[in-house]
Each structure stands twice: as structure tokens, then as C-alpha cells.
Amino acid sequence: MEKFTLEIVFQIIGIGSASGLFFNNDSLYIIGDNSGFLYEYNIQDQQLSHHPLIDNPSQNIPKKIKPDFESITHHNDTLYVFGSGSTENRNRMIEFDLKTKTISQKNDLVDLYALMQSFGEIKPEDFNLEGAIFDGENWYLFNRGNGISNKNTIFTIHAKKLNEEFALVATNYKLPKIKGVRSSFTDAILVEDKIYFLATAEDTQSTYDDGEVLGSFIGRIDLKTMKIDFTQKITSTNKFEGLTFYKKSNDKIEFLLCEDNDTELLETKIYKLILPIK
């Protein structure tokens, strides 16, 4: 691939451990894996708003009881925020209305997650959803293979709603390694007929405990074949966990990224990644 560019574009005070983001109309909607809020940051005004996603939310929820919101996707005027499913506290999916700025529905996905584990032959301790896409007809949920079994799996669920009857497909991927450690999905978005994904190599065999970060990749999957077009290492130090589309021209595509700093520090850097279109 031709040279990419990666730069910090701004810093937001008041958000920690950012795990997903969505750009819309000069606003960034951001989730943190240890927070009970959906954050809305207006880029022009540099104003930060907090939208509660759970009862009695706080910004630094203890690890044992946190909802672990790791994935955010949207369709029409609704944002969908998913818990990772990596413990029994992390099985929620919240629907947030972008027009009214309120929660429209809360969903318990414990039964769906159990079915996905069984179907994908993923042990509960290796189940850890960190990316989600919804195109109106299909859901794509990305299991991060940072457990012992390294199961990087995309679950394709054909259904307009997750509580309806659906067809399920599981596709496994071997992602690149850094220093012998295999990278694993941390987020994904859909741009036209291509899935762009992030993957991080983290020296741990646990979906619960953090490890040394060895770097992150961006990659692309063709939606029709579900095969990887390319992967590109973009950092040796950052644990990028959030990816959103920013803009596109004839020869390049731009994304905004956020990273999980695995600390209680309420400070988030937003990066811009520019890739040539091939």
C-alpha cells in the first residue's frame, strides 16, 4: 500500500478508555468501555455532552461490574451500543435515538450471545465482541480473538431486529501477528461494499486482563466474498479501538480513530487516518 498518514487532530477532556465512535454532522458520539454514558462532542463548539445509557451511570465503573460498551453502529437515526458479552454484566444493547437524544430501547442479548458462542464454537471465556455493523438487513458482530483460542470471528446475522427470527453465519479469520502475537478485531465499519476494520496485537491470552500493546492494523474485507483485501500496520504503540468514517475523495479515504488507554484518566485523543484508495 502507498503511504498512509496518521495524526492527532484533537483531544477531549472528560472521556476515558474510549472504545468506539461515530461521526455525524460535526458531532462525535463516543463510548468508553468503563463508562455508563454515551458522549457527544461537538467539534465546532468543543462542547461535550453526556447521555446516560444505564441507571446511575458514572465515568469510571469498576471492572467487575462495568457494562463494557465496546461497539457502536448506526442505521438511519438510531445508534446501537453493544456490550462485549465477555462477562454476565456485559450483555446489553442500547438503542439511542439521534433525533430526540434519548434511549429508545434497551435489550438483553444474553440468549443471542450464548447461541453465537455455541454456533461459532467459542468458549464463554473467549467471547468478546468489539465491533458491530448494521446495514438495515444484516448485523455483523466481530469477536475479538484475544483469548487463548484466537477466535477472530465475524458473525453475520440476517435480521432487521435481533429479537426476530434470523439466519446466522460465522466466518473465522487469521489476522497478522506482531512479535509472534496475533492481532485481533477491535472495531469495524461499513463503507459502501467494503468493511474496514481495526485489529490490535496485545500480549495477553485473556479477554478480561489487559496486556502489553504491540501495535494496531487497519484492514479491509470485501462484503461480497468476506475475504480480506489488505491489512496495513499503522502503529507500534497505540491500542486503537474505535473507527468511524470521516470523508472520502477520488483518491483517498479518511477515518477518525480513538484509543483505549486502559487507565482511569479522563482524557481521549482523536486521530485522523488517511488511506489511499486502491
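This is a predicted model: local features need pLDDT of at least 70, side-chain atom pairs count only at pLDDT 80 or more; totals for chains, interfaces and linings use all residues.

Me: OK, which residue forms a salt bridge with lysine 272?
Reply: Glutamate 7 does, and the closest N and O atoms are 3.9 Å apart. The pair ties together parts that are 265 residues apart in sequence, because glutamate 7 lies in strand β1 (residues 5–13) and lysine 272 in strand β22 (residues 267–276). Strands here are DSSP runs of E with at least two residues, helices are runs of H or I with at least four, and both are numbered from the N terminus.

Me: And what counts as a salt bridge?
Reply: A side-chain nitrogen of Lys or Arg within 4 Å of a carboxyl oxygen of Asp or Glu. Side chains of opposite charge can pair when their charged atoms come close.

Me: Is glutamate 7 buried, exposed or partly exposed?
Reply: Glutamate 7 is partly exposed, at 40% relative accessible area.

Me: How many salt bridges does the structure hold?
Reply: It holds 18 salt bridges. One of them joins the side chains of arginine 144 and glutamate 130, at 3.5 Å from N to O. That pair links distant parts of the chain, 14 residues apart: arginine 144 is in the loop between β11 and β12, and glutamate 130 is in strand β10.

Me: Are arginine 144 and glutamate 130 buried or exposed?
Reply: Arginine 144 is buried, with a relative accessible area of 2%, and glutamate 130 is buried, also at 2%.

Me: Which residues are linked in a network of salt bridges?
Reply: Glu130, Arg144, Glu202, Lys239 and Glu241.

Me: Changing topic: what about the largest nonpolar core?
Reply: It has 19 residues, and Phe82, Met116, Trp139, Leu141, Ile157 and Leu162 touch the most other members. Two or more residues each come from β7 (78–83), α1 (110–119), β10 (129–134), β11 (138–143) and β12 (152–158). A nonpolar core is a set of buried Ala, Val, Leu, Ile, Met, Phe, Trp, Tyr and Cys residues joined through side-chain atoms within 4.5 Å. In soluble globular proteins, nonpolar side chains tend to be buried together.

Me: What is methionine 116 in contact with?
Reply: Leaving aside neighbours within four places in sequence, methionine 116 is in contact with Phe127, Leu129, Leu141, Phe155 and Ile157. There's also a second, separate core of 15 residues, which includes Phe240, Leu257, Leu273 and Leu275. Contact, by the way, means heavy atoms within 4.5 Å.

Me: Which residues are buried in α1?
Reply: Leu112, Tyr113, Met116 and Gln117. They sit on the same side of α1, because they cover an arc of only 140° around the axis. The arc is that of the directions from the helix axis to the C-beta atoms.

Me: What do those buried residues of α1 pack against?
Reply: They pack against β7, β10, β11 and β12. The face turned away from the buried side carries the exposed residues Asp111 and Ser118.

Me: What happens just after α1?
Reply: Glutamate 121 takes a positive phi of about 55° there, although it is not a glycine. Glutamate 121 lies in the loop between α1 and β10 and counts as exposed at 64% relative accessibility.

Me: Last one: where is serine 216?
Reply: Serine 216 is in strand β18 (residues 212–222), and it is buried at 0% relative accessible area. The side chain of serine 216 makes a polar contact with the side chain of threonine 200, at 2.7 Å. A polar contact is a pair of N or O atoms within 3.5 Å; within protein, one must be able to donate a hydrogen and the other to accept it, and residues adjacent in sequence count only if both atoms are side-chain atoms.

Notes:
Residues are numbered from 1 along each chain as its sequence is written. Side-chain values use heavy atoms; hydrogens and water are left out. Buried means under 20% relative accessible area, exposed over 50%, partly exposed in between (1.4 Å probe, protein chains only).
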